Amino acid sequence: MYRPLPIILALWLLTATGAAAQCLQQPMRVEHLPHLNIPRSGHTVFCTADGEVVAAGGHTSGFVLTPTAERFDGHQWHLMDMAYYHGFGFSATLASGKVIVAGGAEKDLGIGQTFGIEFYDPATHHFEGYGCLDSKRCYAAGLVMDSDRVVVSGNWYHDDAIECFDGQRLSTPVKGVTAHRSVPYILRTARDNAIIFSTHDNYGNPLDSIVADRLHGDPFTVPLFREWRPLWFLVDQRSAQSFIGNETRGDYSYLVPVADAKGQVAIARTEGEAFSLLETDHPVPMQSRWGPVCYYSYIVADTLRHRAYLTGYGEKGNRRFYVLSIAYDETPATLTLYYSEPLDSVGFWQPVLMPDGNLLIAGGLADSNFNPAATTVLLCVCCPPDTETAADGHATRSPWVLGGAAVLLLVTLLTARAWQKRHRQPEVLQEAATDGNDSLMQRIVRLMEEEKSYLNTDIKLQHVADALATNRTYVSDSIKASGYSSFNQFVNSYRIRHAMQLLRQQPDIKLAHLSLSAGFDNETTFFRAFKATTGTTPKKWLVQQQNSQEEQ
């Protein structure tokens with residue numbers, strides 16, 4: 001009979017020794033892009049379907065509202081007129097690609113609320129006023145539902161309610177709210193339903209209890225919120241950025257940053273109306289070697305690469321950007337904290353996800369609302385690490401602790417492996433080795449080579465086992481018996497060979513396209529796997545191949 005005692009011991013050792021280890025922290029490259037034409041904060045920033053970034057509304061120096069917007073074409077910012085100010089307003093992208101921008105302060109200094117709604121058309125680069133909200137609002141949020149309806153809620157120094165904008169011209173009231181809120185979360189739970197909640201009221205005061213209102217249905221309480229409260233920020237809340245589900249499959253899942261009474265941050269995952277803490281390989285890091293990390297943004301999810309990001313900054317004397325990368329598709333989710341060099345004159349604002357997987361921050365708070373920034377930076381969280389930087393890594397983990405943990409874990413796992421081989425039933429070994437006339441390994445290889453299963457970025461050990469109508473343990477044992485250390489190494493060996501073939505055929509292929517075409521879900525993973533396999537980078541490997549051909 002199989003006895004898991006050695007594995008349990010291994011896991012205990014890993015837990016005991018890993019407790020002293022910290023989340024991996026490594027440097028992040030920051031690209032300084034052209035400045036905005038007008039310094040601004042309290043604005044909304046969005047990325048259109050064609051990759052163009054727009055910074056709309058807000059206020060400029062002196063806390064003065066500006067009825068302008070700017071679009072970034074990849075080279076420079078182009079100034080545009082708007083119909084209204086929209087300082088501390090909100091935006092939502094419709095299925096047509098058009099974007100509505102609505103609400104905001106009525107006067108300079110962030111005073112009052114407004115009704116105005118306008119559309120931005122990316123095709124014409126033009127704003128046009130179309131109507132008004134049912135209630136004048138500031139610090140509200142909007143989320144697009146089916147048929148381009150937009151659920152709107154939240155307010156500032158004014159009563160709150162829930163209303164729906166029909167996506168064309170008309171906004172109608174839906175219902176009252178159990179608590180007046182500012183900058184609420186609005187999350188879809190079904191095709192035609194959503195929930196609304198926040199931790200702060202319409203005056204910025206913490207709410208004693210958190211109640212979620214349903215667009216359709218009665219309000220309810222979330223058990224998780226008794227211990228973990230969602231983080232709240234006075235920045236543009238675009239809940240659509242935190243979506244990690246699949247609407248076609250009816251999966252309405254989001255990631256929400258939460259914190260306990262001690263200030264420890266964690267990541268909550270929603271599935272419809274069910275909330276739970278996301279299992280992570282380490283606690284969310286609250287400290288870097290320069291001091292505390294202050295998280296200030298909502299989570300931005302990159303569903304193409306199965307990564308999500310929570311942005312933070314350092315306190316005075318440590319003006320750095322921090323980006324917590326969350327590999328939410330892994331179990332447990334792997335956390336990596338990226339940090340920049342000191343950036344004294346750069347503003348902090350809600351980031352927007354770019355098509356290449358990096359994060360752009362335009363404008364924002366530099367010193368105060370009276371002195372916003374005009375800076376634009378690209379936080380490169382989806383770029384292959386520089387060779388020298390990657391070699392250093394600056395991982396804030398004790399080498400003695402991790403070295404000891406590695407040795408203890410290795411010894412324990414080797415002991416466990418030997419113990420399993422001695423005690424495993426003979427028929428199990430036979431079933432793992434053969435299946436009819438073909439060995440299981442031959443069937444695995446055939447699956448990879450004929451079906452090209454390795455090109456599926458989401459392939460898991462269980463997928464192979466299911467395809468071959470066998471057990472995942474047998475698949476894993478067969479792969480390891482063939483000389484591979486893990487299933488991932490085995491699959492990546494096929495992906496790297498495929499990438500090499502693509503490089504030979506298309507020497508000018510972009511790294512992002514190459515990695516996805518080869519089955520990797522992001523450039524960083526591809527870069528590391530390629531270097532681990534070949535000992536060099538894709539670019540250098542290609543040069544070596546070309547030189548070798550010339551010599552022949």
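Predicted model: local features only at pLDDT ≥ 70, side-chain atom pairs only at ≥ 80, totals over all residues.
Trainee: Which residues have the most contacts inside the largest nonpolar core?
Mentor: In soluble globular proteins, nonpolar side chains tend to be buried together. In this model the largest nonpolar core has 95 residues, and a second, separate core of 18 residues includes Leu-440, Ala-465, Val-475 and Phe-490. Inside the largest core, the residues with the most contacts are Val-53, Phe-197, Phe-321, Ile-326 and Leu-379.

Trainee: Are the rings of Tyr-296 and Tyr-313 stacked, edge-to-face or tilted, and what is the angle between their planes?
Mentor: A search of the whole structure finds 30 aromatic pairs, and the rings of Tyr-296 and Tyr-313 make a pair with their centres 5.6 Å apart. Planes under 30 degrees apart would count as stacked and those over 60 as edge-to-face. The planes of Tyr-296 and Tyr-313 lie at 50°, so the pair is tilted.

Trainee: Where does each of these two tyrosines lie, and how many residues apart are they?
Mentor: Tyr-296 is in the loop between strand S26 (291-295) and strand S27 (300-302), whereas Tyr-313 is in strand S28 (residues 307-314). Tyr-296 counts as buried at 8% relative accessibility, while Tyr-313 counts as partly exposed at 30%. The pair links distant parts of the chain, and its members are 17 residues apart.

Trainee: Which ring lies under Arg-320, and how many Å from the ring centre is Arg-320?
Mentor: There are two cases to describe here, one of them being the charged end of Arg-497, which sits over the ring of Tyr-494 at 4.5 Å from its centre. Arg-320, in turn, lies over the face of Trp-290, and the distance from the ring centre is 3.7 Å.

Trainee: Which residue caps the N-terminal end of helix H10?
Mentor: Helix H10 (residues 523-534) has twelve residues and spans 16 Å from its first C-alpha to its last, close to the 16 Å expected. Its buried residues include Phe-526, Phe-527 and Phe-530, and just after the helix Gly-535 takes a positive phi of about 85°. At the N-terminal end, a side-chain oxygen lies 2.7 Å from the backbone nitrogen of Thr-525, and the residue that provides this cap is Asn-522.

Trainee: Which residues do salt bridges that share partners join into one network?
Mentor: The count for the model comes to 13 salt bridges, including one at 3.1 Å, N to O, between Arg-191 and Asp-146. Another is formed by Glu-163 and Arg-137, whose side chains meet at 3.0 Å, N to O, and both of these residues are buried. Salt bridges that share partners join one network, and its members are Arg-137, Asp-160 and Glu-163.

Definitions and conventions. Residues numbered from 1 in each chain as written. Heavy atoms only, no water. Core = buried A, V, L, I, M, F, W, Y, C linked by side-chain atoms within 4.5 Å. Buried < 20%, exposed > 50% of the residue type's maximum accessible area, 1.4 Å probe, protein only. Phe/Tyr/Trp six-rings, centres within 6.5 Å; stacked < 30°, edge-to-face > 60°. Helix = DSSP H or I, 4+ residues; strand = E, 2+ residues; numbered from the N terminus. Lys NZ or Arg CZ within 6 Å of the ring centre and 35° of its normal. Expected span 1.5 Å × (residues − 1). Polar contact = N/O pair within 3.5 Å; in protein donor to acceptor, adjacent residues only side chain to side chain. Salt bridge = Lys/Arg side-chain N within 4 Å of Asp/Glu carboxyl O.
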